Every structure is written in structure tokens, then in C-alpha cells.
Amino acid sequence: MKSLYRLSAIALLLTSGAFASFINGGFESGDLTGWNSLGSASVSGPVDYIDEGAGILSPDSGNFSARLISQGATAEQIATQMGITLEELQATNLDPDTGDPTTATVGSLIWQTVTVNAGDVLQFRWNFVERDYMPYNDWAFYGIALNGDPAQVTTFASLFTVGPDGGATINGWTTLTVNIQQSGTYTFYFGVVNAFDEELDSDLWIDGAYAGDDPPAPTGEIPEPGTFVLLASGLGLLAAKYRSRKAA
Ligand SMILES: [Ca+2]
Ligand SMILES: [Ca+2]
Ligand SMILES: [Ca+2]
């Protein structure tokens with residue numbers, strides 16, 4: 001009886017095309033197995049940024065991390081993949097002086113669809129390497145889409161905060177945790193884009209992607225930046241959208 005139940009549970013997972021946690025969330029297959037990608041996204045061992053004055057960056061755990069370079073796909077392709085407009089993507093990174101959205105040119109994106117229960121968390125380790133200077137405010141973001149809806153996109157690293165002056169800066173490995181308040185099939189996106197031009201690329205490294213109720217304890221010296229509560233604000237946004245549509 002138990003095995004029958006298990007079999008039907010597996011069949012259900014196979015039909016929905018989503019799994020209860022990330023496949024290859026630590027990228028230790030040495031490739032992007034389980035992930036989809038757009039642009040210059042791959043899996044990497046240590047990278048030498050010494051020529052740019054930033055040092056060597058090594059994978060957070062194991063031998064590999066995902067390395068996304070802000071090249072290869074247009075910002076429009078990236079926004080469309082997440083179900084949002086280019087303008088909405090650009091509005092996730094406001095100019096620190098003027099408050100205007102930042103023009104995005106090219107970048108890369110990875111994503112995976114996972115079934116998540118209420119009370120679970122999305123957790124991942126990120127490391128942003130900025131290799132430009134202001135006003136070329138390259139940025140990294142994650143997106144969360146529930147049941148195929150447009151993604152709610154949040155910027156978690158920008159050149160302005162990591163290293164606004166000339167030369168490259170490695171932010172350091174950091175944990176980001178998101179509380180999931182509603183059960184469903186989620187697509188989680190991680191991306192990085194160039195701002196204004198396509199000259200000096202910034203990189204986003206991702207490792208340890210986890211979705212479930214027992215996340216590994218954060219490691220490293222940098223404290224986690226806080227826990228983001230998703231759907232409360234997401235639903236608020238949706239409601240606001242419907243309201244404005246009705247008014248228009
Ligand atoms: Ca790894
Ligand atoms: Ca810089
Ligand atoms: Ca750049």
C-alpha cells in the first residue's frame with residue numbers, strides 16, 4: 001500500500017514536470033543539468049579575477065557553482081522569459097540619485113520549476129562580482145513565479161552597493177532565504193544584466209539552491225541579509241495591478 005502510494009506520488013511529480021526540491025541545486029554534476037538557461041550561463045570551478053584586482057573566486061560548496069555573465073541574451077528576452085516587460089525588469093534597479101529605472105542591455109538567466117509547500121523556504125547562496133563603475137550599475141536579481149504567473153522580481157545585488165568605483169569587487173558568498181507562504185508550483189529565476197552598455201560584464205555566482213522545509217545552515221562569515229516574505233507583497237502587487245487596469 002505504501003509503495004503504491006509512493007509510486008503514484010512519483011507519477012504525479014513526473015506529470016507535473018516539477019520536483020519537490022531543486023535538481024542539481026549545488027551544480028555538482030559539472031553542468032546545468034536540471035536547469036534552463038538563457039545567455040552566458042554555465043558551471044564553473046575557481047575563476048581568477050586577480051588582473052582586475054579582485055582575487056580568486058572559488059565555488060561555495062563542492063567543485064562547481066553556477067556562473068552567470070551579463071552577456072548573451074537581450075534584457076528583453078530575459079524579461080519575457082520571466083513573464084514581465086523590459087520596463088518592469090528595469091524598474092527593479094532604480095538609480096540611487098534620480099530614482100529612475102536603469103536601462104538593461106544584455107545578460108543571462110537560469111531557472112528551474114519546483115513544487116513547494118506552504119512554510120517551506122527558498123534558499124540559495126550568491127556571490128556578485130561587479131566589474132564596472134557608476135553609472136553602469138549592473139545588477140543581479142531573483143524572480144519567483146507561482147503557477148505560471150509573471151515572476152515577482154527582486155534585485156539583491158547591484159554594482160552601486162558592491163563596488164561603484166573603477167575595478168572589480170567580489171561581494172563574498174551570502175545566503176538569501178525567502179519564506180514561501182503558499183503551496184504551489186514555483187519557477188525560481190536567477191539573473192544578471194549589464195546596465196546602459198555591453199562593455200564591462202558583471203558576474204553572478206549561485207550555489208546551494210534549496211527549496212524545502214529543512215534548509216542547510218548558512219555558512220561563511222557574511223551574515224544573511226534577512227528573510228523576505230513573498231506572497232503578502234506579491235498579492236498586493238497583483239491587486240494593485242488589477243485595480244489600475246480597472247481604472248484605465
Ligand atoms: Ca556547488
Ligand atoms: Ca567597480
Ligand atoms: Ca557592465
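What share of the contacts in the protein chain with a separation of 6 or more comes from residues 24 or more positions apart? The share is 79%, where a contact means heavy atoms within 4.5 Å. The model is predicted, so local features need pLDDT of at least 70 and side-chain atom pairs count only at pLDDT 80 or more, while totals for chains, interfaces and linings use all residues. Residues are numbered from 1 along each chain as its sequence is written, chains are lettered from A and ligands numbered from 1 in the order in which they are written, and side-chain values use heavy atoms, with hydrogens and water left out.

The protein chain contains five helices and 15 strands; these are DSSP runs numbered from the N terminus, helices being H or I of at least four residues and strands E of at least two. Among its 248 residues, 46% count as buried. Buried means under 20% relative accessible area, exposed over 50%, and partly exposed in between, with a 1.4 Å probe and protein chains only. The chain exposes about 11800 Å², of which carbon and sulfur atoms supply 55%; the areas come from the Shrake-Rupley method with a 1.4 Å probe, and for residues only the protein chains shown count as cover.

Two strands pair if DSSP finds at least two bridges between them. Trp205 of strand 14 is the bridge partner of Arg67 and also of Asn127.

A salt bridge is a side-chain nitrogen of Lys or Arg within 4 Å of a carboxyl oxygen of Asp or Glu, and the whole structure has four of them. Asp203 forms one with Arg67, with the closest N and O atoms 2.7 Å apart. This pair links Asp203 in strand 14 to Arg67 in strand 5, 136 residues apart. Asp203 is buried at a relative accessible area of 0%, and Arg67 counts as buried at 15%. Asp203 also meets Arg131 in a salt bridge (3.4 Å, N to O). Because Arg131 lies in the loop between strand 8 and strand 9, that pair ties together parts 72 residues apart in sequence. Shared partners join Glu52, Arg67, Arg131 and Asp203 into one network.

A further salt bridge joins the side chains of Asp60 and Arg125 (2.9 Å, N to O). Asp60 lies in the loop between strand 4 (56-57) and strand 5, and Arg125 in strand 8, so parts 65 residues apart in sequence are tied together. Asp60 is partly exposed at 24% relative accessibility, whereas Arg125 is buried at 7%.

Donors are N, O and S atoms within 2.8 Å of the metal (3.2 Å for Na, K and Ca), and water is not among the atoms, so sites may look incomplete. The calcium ion (ligand 2) is coordinated by Glu130 (OE), Glu130 (OE), Asp132 (O), Gly163 (O), Asp165 (O) and Gly167 (O), at 2.2 to 2.5 Å. Asp132, in the loop between strand 8 (121-130) and strand 9 (139-146), and Asp165, in the loop between helix 4 (159-162) and strand 11 (169-170), are 33 residues apart. Asp132 is buried at 2% relative accessibility, while Asp165 is exposed at 59%.

Asp138 is buried, as is Asp132.
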